[in-house]
Amino acid sequence: MFRLHALRYRYGQTAELRFPDWSLQQGEQAVLRGPSGSGKSTLLSLLAGLLQPQQGDIWLAEQALAALPPAQRDAWRGRHIGFIPQRAHLLASLNVLENLQLAQYLARLPQDAAQCQRVLASLGLIELAGRRPQQLSQGQAQRVAIARALLNHPKLLLADEPSASLDDANTTAVLDLLQGAAQQAGATLLIASHDARVHARFDRQFLLEARV
Amino acid sequence: MNLFLLARRQLLARPLHSALNLLLLALGIATISLLLLFSRQLEDKLLHTAAGIDLVVGAKGSPLQLILSSVYHADIPTGNIAKAEADKLARHPLVASSIPLALGDNLQGFRIVGTTPDYLQLYGAKLAQGRPWQVSMEAVLGAKVAQRSGLKLGEEFASSHGLAAGGPLHDDNRYQVVGILAPSGSILDELVLTDLQSVWDMHEHHASEDDAEDGKPRDITALLIRYKTPLAILALPRQINAETALQAASPAMEAMRLLNILGFGLDALRAFAAVLIFSAALSLFVALYGNLRERRYDLAVMRLLGSSRWRLFASVLLEGLLLAAAGAALGLLLGHGAAEAIGRAGLTPGLNLTGLIWLKEEAALLLLALLVGVLAALLPAIHAWRTDIAALLSER
């Protein structure tokens, strides 16, 4: 599903991150480990096309990300990548259902309220459809963010510290949901985490060294 | 879901901020709209009423007062002039036509004007009922006079002495209504028209012996003149003012002078409205810019979901535009509502201010409001465009 080749990303003039030539096949699941500052979030942002590497290539589903012009890269991200940030970051002015519809709109896909409701129902969130983000618990908001990421049938699901500030029960629930949903959708899953509870659930692990 | 709905939701999410900005902009637009309506209608009224009258001749005094009293019926006359002198002037080779006016009485505050049927033709007046006056003490009512007084054809009324309501009644000599004019929007709507002889008959005891002819007074208040040739524009007023005891004044010039005098006040109000609009722009800018900090995660998530930088730019710009458009619409509504209310309350007598017309300039006002919205939102939109998503999303 994705392949990295001689990938380097430089912050400012001196700090440089070097990434091994990793790859993941379609449907595989893996965790990205490493100490703080090792570049876990940066790699996710590179994979999502939010950052541009100074050197090397990223191939996603046989598409060289750097070859796409910015606007197409944005559209490609909307359609093929589901990204779950550390915090849910749902738009407070929209309700849960509308937050999902926004994902369809921004990805330039036909807006299908029934599809949004199906995804919410499949994750046990349908009763939250009309609620505003302020009315959700942190765990509920995180699950809605997962529903939003899954909505457009992404090829690659990226999650950045999904267990951050969640208790054990919620961490288990969120990981069950993520792994189950990714498996069901046939999506590749890569989770960046420094949480041992998360590491324990994955056979495939990528380890990033401390920054050079 | 679309950018328009999103922008609307973002504005509604901060109702107080949005309402205050909306109100500030609306007040500025309303003030300008009201001023536009007032100045345009005043200008139209002044020029329309004076159309067809090249020169007014009356007693010596203030030329503006002469024009206001004889053309707009809004001031007291400068005095009376001898009919014989006016007749002499009417036969002047540079004069094409003339209409005498004699004032002195009123009906419930509406002026009674003694004149000739030519005065009806000057404004293209049409009778809704009855016929023109033919003999002394027959009267034709303007549309507004008929409506306010409730007088019908054939009914009689007593005039009050003077030009304002409340004077002593001439109960011994009553007018009979023989005609009622159709509404025309002209000054005639607010006048009672009658024969010159009626005014003379009514004021026999006021007439000076010098002007009497066969024991009857022969004074008029003013003579409205139309030139035979453009050459008269310079020659005739100068000749009258220099060589006779009369005063000649040009309605066009006096109207422009009046508009210039009023213009200072209107300009001050326009400047005040401009300050209001500038304040609205500043307030909108501060609100949008300040709100960006709260919304930076929203913008980052939108990028994450596939939005291009330009869409983020457009979404913030749209918020400014939406608020500006709503402010402009509300402002125009308020401006027109205020104009109509002022007109209906009778606060602009003689002008009949209305808010039920739209001016071409108001399209420019709408564009100005939208421009204000765009300018206020431009910098915040540029900041949205430059949002560093990766840095924001990795914040803990």
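Student: Hi! What's the secondary structure over residues 20-38 of chain B?
Tutor: Hi! In this predicted model, residues 20-38 of chain B are 100% helix and 0% strand, with the end C-alpha atoms 27 Å apart.

Student: And which UniProt feature covers that stretch?
Tutor: An unreviewed UniProt entry lists it as a "transmembrane region", along with residues 271-292, 312-334 and 365-385 of chain B.

Student: How much helix and strand is there over 271-292 of chain B?
Tutor: Residues 271-292 of chain B come out as 100% helix and 0% strand, and their end C-alpha atoms lie 32 Å apart.

Student: Where does UniProt put the MacB-like periplasmic core in chain B?
Tutor: The unreviewed entry gives residues 18-204 of chain B for that domain. That span is 36% helix and 27% strand, and 70 Å separates its end C-alpha atoms.

Student: Okay, helix packing now. What do α10(B) and α11(B) do?
Tutor: Helix α10 (residues 309-344) of chain B packs on helix α11 (residues 361-385) of chain B at an angle of about 150°, and their axes are 7 Å apart. The two helices are therefore roughly antiparallel to each other.

Student: Is that crossing left-handed or right-handed?
Tutor: The crossing of α10(B) and α11(B) is right-handed. As for who takes part, the contact has 21 nonpolar, three polar and three charged residues.

Student: How does α2(B) sit against α11(B)?
Tutor: Helix α2 (residues 15-50) of chain B crosses α11(B) at roughly 160°, with the axes coming within 11 Å. That angle makes α2(B) roughly antiparallel to α11(B). The crossing of this pair is right-handed.

Student: Which residues meet there?
Tutor: From α2(B) you have Leu25(B), Ile29(B), Ile32(B), Ser33(B) and Leu36(B), and they meet Glu361(B), Glu362(B), Leu365(B), Ala369(B) and Val372(B) of α11(B). By class, that contact splits into seven nonpolar, one polar and two charged residues.

Student: What about α1(B) with α10(B), what's the angle?
Tutor: About 60°, with the axes of α1(B) and α10(B) 9 Å apart. So α1(B) is oblique to α10(B). Their crossing is right-handed.

Student: Which residues of α1(B) and α10(B) make the contact?
Tutor: On the α1(B) side they include Leu3(B), Phe4(B) and Arg8(B), and on the α10(B) side Arg311(B), Leu318(B) and Glu319(B) are among them. The contact of α1(B) with α10(B) has nine nonpolar, two polar and three charged residues.

Student: Switching topic: how many residues does each chain give to the contact between A and B?
Tutor: Chain B contributes 20 residues and chain A contributes 29 residues. On the chain B side, the elements giving two or more residues are α1 (3-12), α9 (251-304) and α12 (389-393). The largest share of that side, six residues, belongs to α9(B).

Student: And what classes of residue are on that side of chain B?
Tutor: Eleven are nonpolar, six polar and three charged.

Student: Last one, chain A. What's the strand order in the five-stranded sheet?
Tutor: The order is β7-β8-β9-β4-β10 (chain A), in an open sheet with parallel pairing. At the edges stand β7 (81-84) and β10 (205-207) of chain A, each with a single partner strand, so one side of each has no neighbour in the sheet. Neighbouring strands are turned by 15° against each other on average, direction ignored.

Student: How many bridges join β4(A) and β10(A)?
Tutor: Three bridges, in the parallel sense, join strand β4 (residues 29-33) of chain A to β10(A). Within β10(A), Gln205(A) is the bridge partner of Val31(A).

Conventions. Residues numbered from 1 in each chain as written. Chains lettered and ligands numbered in written order. Predicted model: local features only at pLDDT ≥ 70, side-chain atom pairs only at ≥ 80, totals over all residues. UniProt positions renumbered as here; feature names shortened; annotations may be inferred. Helix = DSSP H or I, 4+ residues; strand = E, 2+ residues; numbered from the N terminus. Contact = placed C-beta atoms within 7 Å. Nonpolar A, V, L, I, M, F, W, Y, C, P; charged D, E, K, R; others polar. Axes fitted to C-alpha atoms, helices over the stretch in contact; angles between N-to-C directions. Parallel < 35°, antiparallel > 145°, perpendicular 65-115°, else oblique. Left-handed = near helix turned anticlockwise from the far one by under 90°. Pairing = 2+ DSSP bridges.
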